[in-house]
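Here is a short briefing on one protein model.

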Amino acid sequence: MKKWIICVLTIFTALSVLGASCQNNGADETGNPQETEREEVESKHYTYAEIVSYLYDMERLAELPKYGESSKEFTSYDRRSVYNEESGTYENWSANADGNGIIREEDGGSVIAEMEGPGYITRIWSAQVNGYGSGKIKIFIDGNETPVIDTTFQSLFRGSKKIFPYDSLSYMAARGLNCYVPITYNQSCKVVVYDKWGQYYHINYVTLPENATVESFTYPLSEENEAALKKADEYLSGDLSVIEAEEGDKEFEQTVTAKSGERTELFSTTGKGAIKGLQIQVEGLTGEFEDWQTLKELTLSMYWDNESEPSVWTPLEDFFGTTGGVNPYQSLPLGVTQDGVFYCRWYMPYNDGAKILVENDGSSDFKIKVRVVTEETDVENKMRFHAKWQRMEDAEDEDQRWPDSSVLSVNGRGRFLGMMLHNYKTSGEVDPDCREGFAWWGEGDEKFYIDGEKFPSWFGTGTEDYFGYAWCDPTLFDQAFHAQTYNKGGVNEEGNKVLCRYQIIDNIPFFESFQGYLEKYYGEDYVRYANVAYFYLESGAKDAIGASSLQERTDYYLYLPPEGTFFEGESLYIRSFSNGTLDTQGMKDFGDQWSNDSQLWWKPAKAGATLDIYVNLPEAGTYTIKGNFTMAGDYGIARFSYNGENIGEAMDFYATSVKATGEITIGTVSLPKGLSVLRVTVEGKNKLSSSFMLGLDYLSFEK
């Protein structure tokens, strides 16, 4: 009897769903196309080389996702966070012990990912943890008892025994370990780690439609597959800012004046095709703090197919993945060159014309150079590119899903491509009523819900982990798929941080809806977020995100260095440096002679290199500048100057062992109230020194 009732109910439910589907044929109230039925996907075989090409194939991203295709992740998130299906509530949603979650223990190891195929791993991430990494990782595919990868965990990413010699695909960035080498499997995949492997992990993976087949990964790689990875590595390691027009492409270039209070057309075209590349340069920018305001006053809009509302709307610079003046960096889809050219390689189709406008909400006119590369092509089954800037708001059911803050909420069929995040850490105190005891901005998991799912299939372990680095390390970096383009104020001090992650091979297809969140534990008095979300939607679909006023896009941050007379070296605002690299270095291992146990570490490669430092003084006066510096066997001879005049004598920082100078007097100089730029010049090195490096612990200004 029970079986008969279940059968009848099943038939009735199926007919009800079919009827509802038929009734929804057409478009909803917002004009978004509604699904009727999911078309059957033709069977296809994917070679390993084809999967590798997805690392850099920008045009493929615009293709409609195939039904059965999905992108998800396994992570070490706190397993106390659950969705209670019986009560329909989220429990322990702010649980934050995100370093220990696993699937199960098995044969002396921890199973951290387990997938059914066909599919492929797109990204493996972890955090650098001192004393770890020597433990094993084993990856088993297609039910085989012998692992296809059996190596130490750290050798996936770095070291003399790194198993993938592709520096753009396997590397460490600001203490984050990243491997983008695809691992394909036809039936199944299981990832197991063993004692001393590390802590914290993300395993991102794509599942293909069930009737697909894929060439399973082998190691060592075949000659053909090794060549495919080498080709990807060489491409992603090259100069990605160069956008060349291929045979048959069209190039459009002009210089326009963006007048105050007006909208100005940068580019327009008719017919069908796609934008393959975009370059914009604003003339008159200085690279200094004044550019913060200018690049927020200028906004960028893009329209496809004669639409009345733009599919792209952001402050001009934010669209290109950064903010805070001209910050050179390079990634695959977006970046900024050393000479201030903003470039874009997103593939942007249109069927009935395209238009790009700039609007100037400021009081000054600006000349803007623009170059666009297009191709005429059939855009049937190609989606439309969207990018929207917004101040992030709490989830609608905030009482249940605190501390989630919205990145993007959109309906329809499309792909999520990642985001740029600007967070401003204020000098304020944490709200005493805050429901978490962690007092820093980085405690924020990504939570991405696909097609109405109740528990997110993407559930991360921390804001900086999503962006591919770790421990909120302030070191700037840029890689093909992620970057930290701006960081002032150290880990937990007042200041601005700008991060981006572009999901190319690991993009997220959706068929009905996408809701993305980042956890944000503290109120506006402590940390403020704004973001640009990048995504595709099916032709004709709209997103509901509108433009923001100039006040909304400028009133949440302070862009000048904090005022004061004492400046930690690692928190100094740097205007520029002419040579070498600039990092923050922890100094605990060398003793307790350094303030805040860290220093600004400059590593120039030659004499004559310069480092320009901003200071913001509360009043004008004559100041004696003092500081604490590092001495070592590879440190150089340096001198401070202001407006071309030397301050004090040159200082030799060579020593036979690593030690601090203790507070020393640099010299005396008259300085104005507010911003000044001090220059450090490496004049040479002691004949016994092996290099020209400089370690700056702090600077103190005594009036």
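Which element gives the most to the lining of the largest pocket? β39 does, with five residues. The model is predicted: local features need pLDDT of at least 70, side-chain atom pairs count only at pLDDT 80 or more, and totals for chains, interfaces and linings use all residues. Residues are numbered from 1 along each chain as its sequence is written, and side-chain values use heavy atoms, without hydrogens and water.

**Largest pocket**
- The space in this pocket is about 1,300 Å³.
- A pocket here is an open set of points on a 1 Å grid over the protein atoms alone, where a 1.4 Å probe fits, with protein on both sides within 12 Å along at least five of seven lines.
- Its lining has 45 residues (an atom within 4 Å of a point); N327, P328, L476, R575 and F577 lie nearest the centre.
- Two or more lining residues come from each of β18 (273-282), β32 (477-478), β33 (482-487), β39 (573-577) and β40 (581-586).
- The lining divides into 18 nonpolar, 19 polar (Gly counts here) and eight charged residues.

**Whole chain**
- The protein chain has seven helices and 49 strands, taken as DSSP runs (H or I, at least four residues; E, at least two).
- The C-alpha atoms fill a box of roughly 95 × 65 × 60 Å along the principal axes.
- Of the 703 residues, 58% are buried, meaning under 20% relative accessible area with a 1.4 Å probe, protein chains only.
- Among contacts (heavy atoms within 4.5 Å) with a separation of 6 or more, 78% join residues 24 or more positions apart.

How values were computed. Grid points are joined across faces, edges and corners, and a volume is the space filled by probe spheres set on the points. Buried means under 20% relative accessible area, exposed over 50%, partly exposed in between (1.4 Å probe, protein chains only).
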